[in-house]
Amino acid sequence: MYKRTLMICVLLLAASLVAACSKGETDETGLPPAGGGGTASGPTFDMSKATATVSGKISFEGTPPPNEKVQMSSDPYCQQKAADYPTLETVKVSDGGLENVIVFVSSGMPTGVSYATPTTPVEIDQHNCHYVPHVFTLMTNQPVKIKNSDMTLHNIHAWAEKNPQFNVGQPVAGMVNDTKFAKPELPLPIKCDVHKWMGAFVGVFDHPFHTVSKMAGTFELKLPPGKYEVTAWHEKFGQKTMMVEVADSDKKEVNFSFNANDKAAD
Amino acid sequence: MRQNIALHRFALFTACCTAVLIFVGGLVTSTESGLSVPDWPTSYGWNMFTFPYSNWVGGIFYEHGHRLIASFVGFLTVVLTVWMWLKEERRWVRWLSTAALGAVILQGVLGGLTVIFLLPAWISTLHACLAQTFFCTVISLAFFTSPGWKRGLPLVKSHAESIPLQTLCALTTAAVYLQLILGAVMRHSDAGLAIPDFPLALGHIIPPFTSNKVIIHFAHRVGAVIVTTMIVWTFYRIRRSYSDHLLLFRPALTMLVLLTLQVALGAITVWTAKSIYPTTAHVLTGALVLGTSLLLTLRAYGMVVHRTADFRGAA
């Protein structure tokens, strides 16, 4: 009886170790496979037809709220960089413009076409215990390179809801992991559980009409002729939409405005 | 029955280490460090026991520290079980220690699974509940190997009561255990601040049930009222009828003091928006209330007798 119980305990332990050591639905990089894509079927859209330019500025009205202070003392390596990064990067305003806003076409795209997936990888780096860039966009199934340039450990935890979640470690400087996101998702937060202040936001789209506002809150989209709903999304202030209609080779301006009272949905 | 003080002390030591482990496990959740080591049973590819200390940074300090202390408690449990099978005469005590070993192994597996599957609430909750169950099992082992139990506890004649003291203590222990399960569900479903005010709940005595999180949180508060009632009732009963029997009175008083501390910590947890140390202390104190209630229950069953024929001890 005793031997039988002991055997059951040993088998349970062995089974758990096997389960723990198996990688499950992951490839050799430790990240989940992209799986089925969300890209529409049909003839590939010719991007040379995207001749119209929609540009504009994301303005911020009033005084920007202060960003949360960062306490990096839990990691001596990060602490060395603390003076350069005293706060989070949530609200970044320059020349009255809000940076790190994802601007994208939310409706009106040509139907019955598919869009070629860029083969150029998007790179996100863990540098000085921060994600660089803090916000970026890409297309479904576009390669993503996740790099660790720091002399400390990071884990990359994708808090995806529509795509598979993953959590992998990069204990050594210079490590690179490749992944893809198969389904459109906004926002797709990425965080490091080792360093609580580290966070990034990804916008994954099944079309190429998306960008992120830069210095002074400026952005530019190349679009084919048509009538579009354009959305601007910010991690703290939520999203706003505007309509725009462009003809061939048109240049139109679309400006968004956020203020401290705007809030992102929970 | 042969005394084995060393075995009893070892069981007691294991119980104390388990309390420390529960606190450290609570810290992992409070600091949201559960996924800071993304692999298991390895740590960033290293063997758990050779993972360099210089890499214990940020959340890794809590998560890896928890794994090591858990391994130590697992080791203690293995030693305890082997020791029991070698020296303990009572077959049922030997099997109880084997159950403790099974629980600690399962607990380790659940801890690993919660990392691999990225903290699903039900696995994390099960992990938290099994921790309390294991703690109770080890406390029981320490109690059953104690010289007092082996010699035979002093018997006490039961007073004429609608609910016997043993039953009342057992019900109190069950209520505390259920309350800890509710607490674990609340904690791991991120409902700890679903009601951010106290003593009112969203400005009302009974809050509007706008989400499952509010329901879970409020259920924990209702549970606290029930547990408080049970503990006060138990204490009052012992003070009234058994105050001369320190083996009953002391744990009852301790339980009441711990309850007061626990309610205060619960309130502070809400008022400080789940500040790390009050929140974690709330988890540990909950375990200590459960352990004390269990001890009291075991003593009540061992001491209080109903029939005069059985009564041979102090009245």
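Me: How many helices and strands does chain A have?

Reply: The model is predicted. Chain A holds two helices and 19 strands.

Me: What share of chain A counts as buried, and what makes a residue buried?

Reply: The share is 38% of the 266 residues.

Me: Among contacts in chain A between residues at least 6 apart in sequence, what share joins residues at least 24 apart?

Reply: That share is 69%.

Me: How do you know that chain A touches chain B?

Reply: Contact needs C-beta atoms within 7 Å. By that test, 22 residues of chain A are in contact with 23 residues of chain B. Helix H1 (2-21), strand S9 (154-158) and strand S10 (166-170) of chain A each supply at least two residues of that side of chain A. H1(A) gives the largest share, seven residues. The side of chain A that touches chain B divides into nine nonpolar, ten polar and three charged residues.

Me: Why are strand S4 and strand S16 of chain A called paired?

Reply: Pairing takes at least two bridges. Five bridges join S4 (residues 102-107) to S16 (residues 226-234) in chain A, so the two strands pair. They run antiparallel. A:Val105 stands opposite A:Val230 in S16(A).

Me: What makes strand S14 and strand S17 of chain A edge strands?

Reply: The open sheet has the order S14-S4-S16-S17 in chain A, with antiparallel pairing. Strand S14 (210-212) and strand S17 (238-246) of chain A each pair on one side only. The twist averages 25° from one strand to the next.

Notes:
Residues are numbered from 1 along each chain as its sequence is written. Chains are lettered from A and ligands numbered from 1 in the order in which they are written. This is a predicted model: local features need pLDDT of at least 70, side-chain atom pairs count only at pLDDT 80 or more; totals for chains, interfaces and linings use all residues. Helices (H or I, at least four residues) and strands (E, at least two) are DSSP runs, numbered from the N terminus. A residue is buried if 20 or more other C-beta atoms lie within 10 Å of its own, exposed if 12 or fewer, and partly exposed in between; C-beta atoms are placed from the backbone. Two residues are in contact if their C-beta atoms, placed from the backbone, lie within 7 Å. Ala, Val, Leu, Ile, Met, Phe, Trp, Tyr, Cys and Pro count as nonpolar, Asp, Glu, Lys and Arg as charged, and the others, Gly among them, as polar. Axes are lines fitted to C-alpha atoms, for helices over the stretch in contact, and angles run from 0 to 180 degrees between N-to-C directions.
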